[in-house]
Amino acid sequence: MRSFKAAGEGADGAGLKPCTTLRCTACFSRIQPTFCTVNSRRSAVGSHESRVDSRESASLTVKAFFAKLPNQLCKLTVNIVQGELAEILAEYKGEKGALIPILQKVQEKFGYLPEKAVSEIAKFSRMSESEIFGVASFYAQFYFARRGEHTVKVCLGTACHVRGGERILDEVKRELGIESGGTTEDYKFSLERVACFGSCALAPVMVIDKNVYGRMTIAKAKDILAEYH
Amino acid sequence: MAFEEIHSRAISEWESLQSSSKPRILVGAGTCGRAAGALGILEAINKELTQRKVEAVITQVGCLGLCYAEPMIGIIKPGYPQIIYGNLTPKLAAQLIDDYLVSDNPRPDLALGYIGDSKINGIPNLFELPVLKPQVRIILRNCGFIDPENINHYIANEGYSGLVKALKMTPEAIIEEIKKSGLRGRGGAGFSTGQKWDSCRTAPGGEKYIICNADEGDPGAFMNRALLEGDPHSVLEGIVIGAYAIGANQGYIYCRAEYPLALERLRLALHQMEECGLIGDNILDSGFNFHIKIKEGAGAFVCGEETALMASIEGKRGMPRPRPPFPAISGLWGKPTNINNVETWANAALILQRGSEWYAQYGSERSKGTKTFALVGKVELTGLIEVPLGITLGEIIYDIGGGILKGKGFKAVQTGGPSGGCLPASMLNSPVDYESLTAAGSIMGSGGMIVADEDTCMVDLTKYFLSFTQAESCGKCPPCRVGTRQMLGILERITQGEGKPGDIEQLEKLANTVKQSALCGLGQTAPNPVLTTIRYFRDEYEAHINEKRCPALVCKDLISFYILPDKCQGCMICLRNCPVEAISGGKRLVHVIDQDKCVKCGTCLDVCPPRFAAVAKVSGEQIEVPQQPTPIGKSV
């Protein structure tokens, strides 16, 4: 695989540092988030909304799909992405069926799957970009656009549903001013509704990052969100 | 190292812990315990112990299953039985350390019960409590008692004795033993485990695979999570036994990424097994090699279906394929593969440890053994339970679950997740086993049991399940892809008050078509909620369609909120809390809700002081209220 030598400050790859010349999505962006096609076409129901509508994905080429996303990476970041990727990919050399773990690792690193990363993974695994995209878009876990710093997940599993999870979600939506699947303008919060966390006995449940909050009420939701502001 | 040596080392560690001169504190720190604040409790206890200069052994254990009382701790003072305390706060926990460990007051007011032989005044025996008495905890026997991160605790409690026994038997004899036990798949379908193993063993081909399905996707179910968090080795032992019986050298555990703690404990457990020579090459000098890889799910419900799960392990889109060929003949990478649920594996280990005859004493004629259920929803005592098969639904809900929350009326119990059905009060006496539940139109499923009370709208609940299965449908086969969408559309119309005569018949027709023609289990069972609710709660559908009324006052488009002028005291609490500022009024003025602005969130009803009870929720009727705020006491 090609390896790029990073130039300029922050080239040590120790983390994504703000880029001075170009403003990019991964380091710092002033671009107002015009929500991507995936987000804006979310259906009103269902938990795995980040999955792209199958008809839509069929009519879009991978390039066109990414072009619609608010991703603009500066060269520096691209180089860092490639450097970090090489490390991740090296771990999986020669392993059968490693695509999903690779995607998980990459997302863990960058918070989403940058376009550049997808094309590198495609080269590595000798698959086409559209195949990689096909797999990634099937699973609810993967994102193609930058996410907020904190991910708020409101559980709407059966137990949470009968105990009023929908009302908690409504409250969080109002509080953050975004729909489920969306990200706030300041990239502070992303909101998701999920199907079940397995903490049903404490329903309704809300999860922020890795902290699980049980026995939620509308008032409690407000207070907890305030802690993260 | 020989197993005898490992075993005696484990026993001595366990015994020295039991006879320790220091008090022991067990903190229930599974995911649900943590969500309830167990880690805060742990911190408070540690702080208090240091301050008081008391030495104690603290162990983080799995879930005891009494989730309603989380966070919980157990305290064992040398010479006394273990006492379990529940509903603690950090402050109470610190106080408890002070009272019991320092001043010798066991605080019966905070205790749930004791475990052991000798009695403690004022505290009941935990296992004699109504919530635990009907339960038979053999799969969950270690959960809440052993340290799940210490393999020695498991080994000291009969752990891996089943594997040792199995390695001395022929594979055929092991499968015979499993067949004799009557064990059936705990993932929900209930296929005979012994037969499944047998067909994979006899399938042609040298390379075979074993998979443990821990992709517990049913909303409302967490049995597998609790078991993996509380006693991971019991599952792993079963997997190794199965691999030996079938002749597989590679295994996979497919666990959903939403269970980080379970994944962490599995990884640790595998590492410990390796150190003890219980996994890897030449396991316990038997010449048998077996390796396990953990695969994290990526958030797709359909991956709980076996063929979709295997596609996902192969790194593809998790879409099912038609069967036959069954995985036992052609599974992962086209090789014979045996896939079982977490609980099935744990059962298999137990059967080898204690024998099939012992195991078969539990359960009913055709459904042997016990089953774990996640009893949740509108019951008083939510939790993780384990009961012998054949127990009735009523016993589970009323004896173990303590009845319906806040003394309300029972409406339905939902078993089997989105693939199961909703059973009404008339089925409360029917036994919980594979055949009876199927006959009632539901399924056993993996063990979610969600109780709905009179405030649950069955049409809305069905819509909820359909919206779930519709979103999770992988899109491969049209019956499921199109059928679930169409059924959901009709249900949405009905709950919005736009139902038409003939909708029910149309739903039934669609449901039966999807059931018969869908490719995989997800599609074939997705119509079950529709069919069972129409069968048992047809009147609710009719009320929505014909009278545009939601009897349970749930469907937002069919309900409205009013402030009753004769009860409102003009306190302004609801006015201030309304998120959309739909309430007008003022001090000592009767408040009025602007029906056009109201989003029907119900906040006003929640915050109105019970002594006033001035907010009314109605459906299908209008209450005459003033249009403008008027002074209190004036007649309308």
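Please keep in mind that the model is predicted. Chains A and B meet through 50 residues of chain B and 40 residues of chain A. The largest nonpolar core holds 248 residues, and a separate core has 16.

**Where the chains meet**

- On the chain B side, 50 residues are in contact with 40 residues of chain A.
- Several elements of chain B give two or more residues each to this side: α2 (31–35), α12 (306–313), β10 (370–377), β14 (448–453) and α17 (458–472).
- Helix α17(B) provides the largest share, with six residues.
- Sorted by class, the side of chain B that touches chain A has 23 nonpolar, 17 polar and ten charged residues.

**The nonpolar cores**

- As background, nonpolar side chains in soluble globular proteins tend to be buried together.
- Within the largest nonpolar core, of 248 residues, A:V205 and B:V240 touch the most other members.
- Helix α10 (residues 232–246) of chain B gives this core its largest share, nine residues.
- Leaving aside residues up to four places away in sequence, B:V240 touches B:L163, B:L278, B:I279, B:I283 and B:F290.
- Another core lies apart from the largest one and has 16 residues, including B:C568, B:I593, B:C608 and B:A614.

**Cis peptide bonds**

- Most peptide bonds are trans, and most residues other than glycine have a negative phi, so the spots below and in the next group are worth a look.
- In chain A, A:A203 and A:P204 are joined by a cis peptide bond with omega about -10°.
- You will find A:P204 in the loop between β2 (189–194) and β3 (206–208) of chain A.
- In chain B, the bond from B:R323 to B:P324 is also cis, and its omega is near -5°.
- B:P324 sits in the loop between α12 and β9 (337–341) of chain B.

**Positive phi angles**

- B:Y160 is not a glycine, yet its phi is positive, at about 65°.
- Is B:Y160 buried or exposed? B:Y160 is buried, because 28 other C-beta atoms lie within 10 Å and 20 or more count as buried.
- B:D285 is not a glycine either, and has a positive phi of about 60°.
- B:D285 belongs to the loop between α11 (260–276) and β8 (291–296) of chain B.
- B:D285 is exposed, because it has 11 other C-beta atoms within 10 Å and 12 or fewer count as exposed.

Technical notes
Residues are numbered from 1 along each chain as its sequence is written. Chains are lettered from A and ligands numbered from 1 in the order in which they are written. This is a predicted model: local features need pLDDT of at least 70, side-chain atom pairs count only at pLDDT 80 or more; totals for chains, interfaces and linings use all residues. Two residues are in contact if their C-beta atoms, placed from the backbone, lie within 7 Å. Helices (H or I, at least four residues) and strands (E, at least two) are DSSP runs, numbered from the N terminus. Ala, Val, Leu, Ile, Met, Phe, Trp, Tyr, Cys and Pro count as nonpolar, Asp, Glu, Lys and Arg as charged, and the others, Gly among them, as polar. A nonpolar core is a set of buried Ala, Val, Leu, Ile, Met, Phe, Trp, Tyr and Cys residues joined through C-beta atoms within 7 Å.
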